[in-house]
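Please read it beside the sequence and the coordinates.

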Amino acid sequence: MVDAGSQGEYGEVFTRRWVVDLMLDLIGYTPGADLGAKVIVEPSCGCGAFLLPIVERLAESCSSFGRPLSEQGNAIAGFDLLEHNAEIARKAVVAKLLDLGETLESAEHLAERWVTTSDFLLSEEPVRPADFVVGNPPYVRLEDVPREVSDAYRSMWPTMRGRADIYIGFFEKGLSLLGPEGRLAYICADRWMRNQYGAHLRKLVSSCYAVDTVMVMHDVDAFEEEVSAYPAITILRNGVQGSVRVVDANASFDQHEASLVLDWPCDSQQPMSASRGFEAGELTRWFEGPDLWPAGSPKTLELLADLESRFVPLEDSRTGTRVGIGVATGCDEVYIRAKAEGVEPDRLLPLLTAGDIATGHPEWSGKYLINPWDEDGLVDLRDYPGLAGHFEQNSKLLRSRHVARRQPKAWYRTIDRVAPELIDRPKLLLPDIKALSHPVLDPGGFYPHHNLYYVVSDSWDLEVLGGLLLSDIANLFVGAYCVKMRGGTYRFQAQYLRKIRVPDPNAVSTELQEHLRNAFKERDRRAATEAAAEAYGVTSDFDQVGGRSRGGIQLSRS
């Protein structure tokens, strides 16, 4: 076993019993099945949150099917990295088996067989093809794991790329253990569905396995302690992709609501179900390849699939529309100044930040970007004595940056190269973190800070496009794909803005363009949404759910 760090740094979050029961029911690990003929793997058993309900169900099944429980040493394979946790789990299993009528000798034998102290990702313990893999993988970032351990993880499980959480490896190994039609059910953060480091896992799942169920539970009280984990229950299968059941649960979702969910999937012909605590539906297809997977209500996902089939992405070479981000300097206190005495005027670019566009119009705060770049690259400081003096005065701070240590001769560069042509170009600016889309037109004259994203286009009237981006349909796209911040705030980053689909600018009538333009100028989100709905060929329904859903207003095809 390779230790992953000191005790207390293992991302241990324990799952509530009713959530465990829900997961076991959803994958079919129920006493009515002959569980003694099956193998279930619990990859991070902790103190037994999943293990004890598994034992109870196995015992009841064995009783029904006439199998001696004492002979089921191969039916469960539980792992935990910490001997302390594994020993607690074993003792809990022994106590449970004694309550169920097993002898002490049999109980201790089974507990030793069922619970292994081992790093699941590196373990060589033999596990015959599993029928079920279920659990709550640990919440640990790879950079928090000792280098030799993280290197071993990456070597064994190649989907663990970038700054991945180690649960990515738990998915990959768990899937590798499944026999034909075997099912994996994890409750863990769903960020891997919507960020860069999950791309290889998404590709693996969509190419070799099937998605059966996705239950988003961001606001559900699913764990024994409060955590900011953005959890979802994801059920994957070693088989051919079919329809997918999607459940969007809210803060009201509880044990009673879970029973309602279980009543619905029993009949695939049953229509979409909804209650106080969740919406549920069935999609006929799932998303393919490494691209981002959206989240939201079943209606939202159905609408997204429709819009994506009919419209092109916002960023499109055919219209010359491009999404970018403002400049990251690596040291704003040196590069961004309201006053820069002595610095040559042509080295000063008026800079807009998120705070400068809060009202919906550019209101410049008077700050400048001190620009070390021209069209040919970094300027020669000998040609700019004022600029050179400013940088030399702050050289210790500038040279300490990673980008300067990596390129010592370019020690005064900003992290991002400045594109001089951008300053005079009209562009839509959108703040990174916002509850709702907030496009603002810069007609030219300003450079965006790195907390702003921008959209430029050769074809779109930017006020018309601004009306589309102001609408709740734009929020629908971003909300479905982005990683949410605390409180449900969205990230309007380039990768999510590029997921927005738009009509052909030439296909939008003159009258509709005027409606979108006026809505944008007046910052009228409702009018923008109504006009956008017409442009997309859908109808907006403001009476459903107070006019809004998690990803925007409720929408249906016209």
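In this predicted model, β13 pairs with strand β15 (residues 368–370) in the antiparallel sense, over two bridges. Within that pairing, R337 has Y368 of β15 as its bridge partner. The two strands belong to an open sheet of four strands, ordered β13-β15-β14-β21, in which the pairing is mixed. At its edges are β13 (336–337) and β21 (447–448), each of which pairs on one side only.

- Another open sheet has four strands in the order β12-β22-β18-β20, and its pairing is antiparallel.
- Its edge strands, β12 (322–325) and β20 (440–442), each pair on one side only.
- From one strand to the next, the twist averages 30°.
- Helix α14 (residues 462–470) packs on this sheet and touches β18, β20 and β22. The direction of α14 makes about 25° with that of β18.
- Four bridges hold the antiparallel pairing of strand β18 (residues 427–431) with strand β22 (residues 452–456). In that pairing, P431 stands opposite L452 of β22.

- Strand β7 (residues 231–237) is largely enclosed by the rest of the structure, because seven of its seven residues are buried.
- P231, I233, I235 and R237 point one way from β7, while A232, T234 and L236 point the other way; all are buried.
- Strand β5 (residues 178–189) runs antiparallel to β7 and is joined to it by seven bridges. The bridge partner of C188 in β7 is A232.
- β7 also pairs with β6, in the antiparallel sense and over six bridges. There, V214 stands opposite T234 of β7.
- Strand β6 (residues 210–216) is joined in turn to β8 by four bridges, and these two strands run parallel. V216 has D248 of β8 as its bridge partner.
- Strand β8 (residues 244–249) is mostly covered, with five of its six residues buried.
- β8 pairs with strand β10 (residues 278–283) as well, in the antiparallel sense over six bridges. V244 stands opposite L283 of β10.

**Helix α9 against helix α15**

- The axes of helix α9 (residues 298–310) and helix α15 (residues 472–481) come within 11 Å and cross at roughly 110°. The two helices are therefore roughly perpendicular to each other.
- On the α9 side the contact involves T300, L303, L304, L307 and E308; on the α15 side it involves I473, L476, F477, A480 and Y481.
- By type, the residues of this contact divide into eight nonpolar, one polar and one charged.

**E308**

- E308 is found in helix α9. Its relative accessible area is 16%, under the 20% cut-off, so E308 is buried.
- Leaving aside neighbours within four places in sequence, E308 is in contact with F287, F477, Y481 and R501.
- The C-alpha atoms of E308 and K499 are separated by 8.9 Å, although these residues are 191 residues apart along the chain.

**Helix α1 against helix α8**

- Helix α1 (residues 17–27) and helix α8 (residues 255–263) have axes that come within 10 Å and cross at roughly 5°. That angle makes α1 roughly parallel to α8.
- W18, L22, D25 and L26 of α1 meet Q255, A258 and L262 of α8.
- The residues of this contact divide into five nonpolar, one polar and one charged.

**Nonpolar cores**

- In soluble globular proteins, nonpolar side chains tend to be buried together.
- Here the largest nonpolar core has 141 residues. Those with the most contacts inside it are V41, W114, F253, L465, I500 and Y536.
- Apart from that core lies another, of 35 residues, including L351, I370, V379 and Y384.
- Not counting residues up to four places away in sequence, W114 touches V55, L58, L69, Q72, G73, A75, I76, A77, G78, V93 and L97.

Methods: Residues are numbered from 1 along each chain as its sequence is written. This is a predicted model: local features need pLDDT of at least 70, side-chain atom pairs count only at pLDDT 80 or more; totals for chains, interfaces and linings use all residues. Side-chain values use heavy atoms; hydrogens and water are left out. Two strands pair if DSSP finds at least two bridges between them. Axes are lines fitted to C-alpha atoms, for helices over the stretch in contact, and angles run from 0 to 180 degrees between N-to-C directions. Angles under 35 degrees count as roughly parallel, over 145 as roughly antiparallel, 65 to 115 as roughly perpendicular and the rest as oblique. Contact means heavy atoms within 4.5 Å. Ala, Val, Leu, Ile, Met, Phe, Trp, Tyr, Cys and Pro count as nonpolar, Asp, Glu, Lys and Arg as charged, and the others, Gly among them, as polar. A nonpolar core is a set of buried Ala, Val, Leu, Ile, Met, Phe, Trp, Tyr and Cys residues joined through side-chain atoms within 4.5 Å. Buried means under 20% relative accessible area, exposed over 50%, partly exposed in between (1.4 Å probe, protein chains only).
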